[in-house]
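Dear colleague,

I am passing on the structure we spoke about, and below it you will find my notes on what turned up in it.

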Amino acid sequence: MPLPTRAATTRPGRVRLGTPDAVAIAVPPGLARGVTDWFATWAERLHGLDVRMTPPGESRAGITVVVDDPDALGLTHLPGPDGVDPRAAQADERYRLTVRPDGVLVEAAGDEAAFRGLTTLLQLVDPAGTVPGVAIEDGPAYAWRGLSLDVARRYFPPEEICSVIDLLAWHKLDVLHLHLTDSQAWRVEIARRPGLTGARPGATADFYSRADLDRIIAYAAERYVTVVPEFDMPGHVVAAFTAYPELAGGTEPVHPHVRYLDPDVPEAAAFAHDVLHELVDLAPGPFVHLGADEPFGMPAAAYLRFVRDAHALLRSRGKRVVAWQEAVRAGCLDGDDVVQYWIGPDNPFDVGRLKARAPAALHPVIDDAARLFALAPQDVPTAAAAGVPVLVSSNTMLYLDRPYADAADEESGRRQGRVGHGDYLPHSPEQAFAWHPSTLPELTAPAARVAGVEAAIWCETVDSFDDLAFLLLPRLAGAAEKAWTRQATDWPDHHSRLAAHADAWSAMGFRAAYRPMPTHPR
């Protein structure tokens, strides 16, 4: 999981990796230690295997890893990935895994490919320490395969973020997009603006120090996951205004919950300058995320100027920019940037329903939001015409905070009634799986270029790590298959492979995955 590019049975029965308690793995000199550490850690936790390193060519090795040029390994017939590479340095992830009578051979085009191949091997091992007789050739469909995690609305301590990274690596995802700021909180310390997280009214109680983020980034890098940090601006900034009221420049908002950074206000422009420079310093890879979604109540001219100025600053610091789809309206993104498509085709904007729930002071903002949503169908065509790659995050398929449609079993059912955003129509896991990037009508224009696939989890209804597990799984596994597997796979086949992963999810701390109500034959 996700399904490999090619897989075939080569022999009947199963092959034991080593003795019942230990397995020897022969690796080439120079292979990154993180590759073997990952395999050894999870071989022990999941299967009770004691993995021991041996020199290359060791005849008693149950597993042999070979890293070589893809031409020499005969892997060039596998296509390379499409889309945009999120990493600081490109890597070839193609590998071949062959189960032979005397053990397993993993042939990889690089260290990252060896990591992917050994992860597949971990998924094949059964409780007896044996693997089926198969030959697998594999590589990703898209270079960008991610999860956007909202830590602004719900703080997760670094150790829980690390568990999420393990889950991403298990499913061959390679981007963790951290939504670090929003109206609810500012979750990372800023040296030039200590009031965002310091001891003053409105400051964030739980936040990530630079040391915390360094730890998270290093942990992710060892698992070939790139962290893309996001500061969401110019809207979604109530937390910043609470810490620094002078950002308003003396103007009164239409509502306390509707704030934006006006580039014509000197204090707001200086704030954006300060925090964007520190955003650049946080990013380990080539990309930073500007946010730029839902600038409700903001004059169009001010929004366009803010996005253009911020984009110019980030590019001047050598970074490429990711932004939510509204940013393409500013006309400054180009082929080195990425626009994140999130407003799905089933997003009617019900003005009457929203006004019925909101105070009268917010009604003009709702009208403005309706205007902005009405522009959404042109965002992807605009990006295509400008040569801007599109990262697929449509909330229809890839927002994992969408409620589940199917009844859950007793334990999951207690959570189902309160977890999941109420403004989204519920979907079953099968409905969430019923799409493929190659057939999205929004992206079939000849000039459209898919950057990759990124699921998103928003945490308005998340109160605990178990709530997060419930929303993420099993749907994250389906999103990963859309990002990695080039061929379209159907739900019955995907569903048949999901059950084998429940123990791994639990071992990684995700013990509260959604479980549908069992069906009983009549």
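Predicted model: local features only at pLDDT ≥ 70, side-chain atom pairs only at ≥ 80, totals over all residues.

**Cavities and pockets**

The lining of the largest cavity has 11 nonpolar, 2 polar and 1 charged residues by class, where Ala, Val, Leu, Ile, Met, Phe, Trp, Tyr, Cys and Pro count as nonpolar, Asp, Glu, Lys and Arg as charged, and the others, Gly among them, as polar. Residues are numbered from 1 along each chain as its sequence is written, and side-chain values use heavy atoms, with hydrogens and water left out.

The largest cavity holds about 90 Å³ of space, and the structure has 5 cavities of 30 Å³ or more. Its lining comprises 14 residues, of which Ala432, Phe433, Arg475, Gly478 and Ala479 lie nearest the centre. Two or more lining residues come from each of helix 12 (395–398), helix 14, helix 16 (475–484) and helix 17; helices (H or I, at least four residues) and strands (E, at least two) are DSSP runs, numbered from the N terminus. Cavities and pockets were both found on a 1 Å grid over the protein atoms alone: a cavity is a set of points where a 1.4 Å probe fits but cannot get out, a pocket is an open set with protein on both sides within 12 Å along at least five of seven lines, and lining residues have an atom within 4 Å of a point. Grid points are joined across faces, edges and corners, and a volume is the space filled by probe spheres set on the points.

By class, the lining of the largest pocket has 19 nonpolar, 10 polar and 14 charged residues.

The second largest pocket has a volume of about 410 Å³, and of its 18 lining residues Pro474, Leu498, Tyr514, Arg515 and Pro516 lie nearest the centre. Helix 14 (429–433), helix 17 (491–498) and helix 18 (502–507) are the elements that give two or more residues to this lining, which by class has 11 nonpolar, 3 polar and 4 charged residues.

**Backbone geometry**

Pro474, one of the residues nearest the centre of the second largest pocket, is joined to Leu473 by a cis peptide bond with omega near 15°, and its place is in the loop between helix 15 (465–472) and helix 16. A cis peptide bond also joins Met1 and Pro2, with omega about 10°.

**Individual residues and cysteines**

Glu137 belongs to strand 7 (residues 130–138) and is buried, with a relative accessible area of 16%. The side chain of Glu137 makes a polar contact with the side chain of His77 at 2.9 Å (a pair of N or O atoms within 3.5 Å; within protein, one must be able to donate a hydrogen and the other to accept it, and residues adjacent in sequence count only if both atoms are side-chain atoms).

A search of the whole structure finds 0 disulfides, a disulfide being a pair of cysteine sulfur atoms within 2.5 Å. For Cys162, the nearest cysteine sulfur is that of Cys459, 17 Å away. Cys162 is buried at 5% relative accessibility, and Cys459 is buried too, with a relative accessible area of 1%.

With best wishes

Conventions. Buried < 20%, exposed > 50% of the residue type's maximum accessible area, 1.4 Å probe, protein only.
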